[in-house]
Amino acid sequence: MRRSASRQDRKQNTKKWRNLLEDHTPHDPDLARGYAELLAEASATGRPMAPEQIESRRALGRAAAEHGIALSTVVDLYLTATRDAWPELPGVRAAQGVAELNDIAVAILRTAQDATVAITEGYES
């Protein structure tokens, strides 16, 4: 069973992740808007992204293309942000044992994959 972080802890961690993502997005900090929250939610609940969350990533992919930001830069942003956020994600910090950590890893990687695919779809549309 997963322990959930307190509301205040989640807010503090979300602020850290947002700053991390902004540090990785010199072209347009909005490219990663909401991604920290998606990772935190996936790590804490294991749920996949909702359709509206996927669509928001597509819109960000379209915006990146419109701003002339290379797709490889956007993909690198998301993968780097996922890697860097990993140790601070609430589900990772609260994991009790290898089996639970494995389930959390699957959820986080699924979110990273879904977000990256959606951004790519938006970029190419």
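**Entry 1: the model**

I am working with a predicted model. I keep that in mind for everything below.

**Entry 2: α4 against α6**

I looked up helix α4, residues 71-85, and helix α6, residues 98-124. Their packing angle is about 165°. Their axes lie 10 Å apart. Angles over 145 degrees count as roughly antiparallel, so α4 is roughly antiparallel to α6. I also checked the handedness, and α4 passes α6 in a right-handed crossing.

Next I listed the residues that make the contact. From α4 I wrote down Leu71, Val74, Val75, Tyr78, Leu79 and Thr82. From α6 I wrote down Ile108, Ala112, Ala115, Thr116, Ile119, Thr120, Tyr123 and Glu124. I then sorted this contact by class. It has 10 nonpolar residues, three polar ones and one charged one.

**Entry 3: α3 against α6**

I turned to helix α3, residues 51-66. How far apart are the axes of α3 and α6? I found 6 Å, with a packing angle of about 45°.

I noted who meets whom. On the α3 side are Ile54, Arg57, Arg58, Gly61, Arg62, Ala64 and Ala65. On the α6 side are Ala115, Ala118, Ile119, Glu121, Gly122 and Tyr123. By class I get seven nonpolar, two polar and four charged residues in the contact of α3 with α6.

I compared my two lists. Ala115, Ile119 and Tyr123 of α6 are in the contact with α4, and Ala115, Ile119 and Tyr123 are also in the contact with α3.

**Entry 4: the cavity**

How many cavities of 30 Å³ or more are there? The count comes to one. The largest cavity holds about 30 Å³ of space.

I wrote out its lining. The residues are Leu38, Glu41, Ala42, Arg47, Pro48, Met49, Gln53 and Thr111. Which helix gives the largest share of this lining? Helix α2, residues 35-45, does, with three residues. By class, the lining of the largest cavity has four nonpolar, two polar and two charged residues.

I also checked the lining against the helix ranges.

Definitions and conventions:
Residues are numbered from 1 along each chain as its sequence is written. This is a predicted model: local features need pLDDT of at least 70, side-chain atom pairs count only at pLDDT 80 or more; totals for chains, interfaces and linings use all residues. Side-chain values use heavy atoms; hydrogens and water are left out. Axes are lines fitted to C-alpha atoms, for helices over the stretch in contact, and angles run from 0 to 180 degrees between N-to-C directions. Helices (H or I, at least four residues) and strands (E, at least two) are DSSP runs, numbered from the N terminus. Angles under 35 degrees count as roughly parallel, over 145 as roughly antiparallel, 65 to 115 as roughly perpendicular and the rest as oblique. A crossing is left-handed if the near helix is turned anticlockwise from the far one by less than a right angle, and right-handed if clockwise. Contact means heavy atoms within 4.5 Å. Ala, Val, Leu, Ile, Met, Phe, Trp, Tyr, Cys and Pro count as nonpolar, Asp, Glu, Lys and Arg as charged, and the others, Gly among them, as polar. On a 1 Å grid over the protein atoms alone, a cavity is a set of points where a 1.4 Å probe fits but cannot get out, and a pocket is an open set with protein on both sides within 12 Å along at least five of seven lines; lining residues have an atom within 4 Å of a point. Grid points are joined across faces, edges and corners, and a volume is the space filled by probe spheres set on the points.
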